[in-house]
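Try each task before reading its solution.

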Amino acid sequence: MEDLDVVAWVQVSGDRMLAVRSRGRDLLYLPGGKREPGEDDWSALSREVREELGLELDRTSFRELGVIRAPAHDQPDFSHVRMACFTSGHRGAMAPAGEVDEYRYVGRAERHLLAPAAQAALDLAADNGLLT
């Protein structure tokens, strides 16, 4: 099986990482998703965050945090997720939209609420000094 290749936004505030729950999902994921044909990482992630949370990412602060690979959760066509993680400033009022039903900030003690790839991203954020 192929890996599901996605981009994700890692947003940390108050030692907690932003996560979203998509409609019908039991665990939390990071904002982001699959690239559309011809999209680069910036275009895909800024589109996904706009569609999911109504926010505009800041191009000048857009930085790659790292790439993780983890078991796919609730993705029967894929065994693993390859997730390129990015940080970026943003503007706008955050509100769930599109397929996202809720958002919340999750601390390290709540990692059990996260899908495996989001757990790996939480570790990546910690490894990069974004979480203590």
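The model is predicted, so-called local features need pLDDT of at least 70, side-chain atom pairs count only at pLDDT 80 or more, and totals for chains, interfaces and linings use all residues. Numbering starts from 1 along each chain as its sequence is written, and side-chain values use heavy atoms, with hydrogens and water left out.

**Exercise 1.** Work out which strands pair with β7, and in what sense.

Start with β1 (residues 4-9): 6 bridges join it to β7, and the two run parallel. Strands here are DSSP E runs of at least two residues, numbered from the N terminus, and two of them pair if DSSP finds at least two bridges between them. Within this pairing, V6 has M83 as its bridge partner. Next take β6 (residues 63-71), joined to β7 by 8 bridges and antiparallel; there V67 stands opposite A84.

**Exercise 2.** Decide whether β7 is largely enclosed or open.

Count its buried residues (under 20% relative accessible area, 1.4 Å probe, protein chains only). In β7 (residues 80-87), 6 of the 8 are buried, so the rest of the structure largely encloses this strand.

**Exercise 3.** Find the strand order in the open sheet of 3 strands, and its edges.

The order is β2-β3-β9, with antiparallel pairing. β2 (12-13) and β9 (100-106) are the edge strands, as each pairs on one side only.

Key:
Buried means under 20% relative accessible area, exposed over 50%, partly exposed in between (1.4 Å probe, protein chains only). Helices (H or I, at least four residues) and strands (E, at least two) are DSSP runs, numbered from the N terminus.
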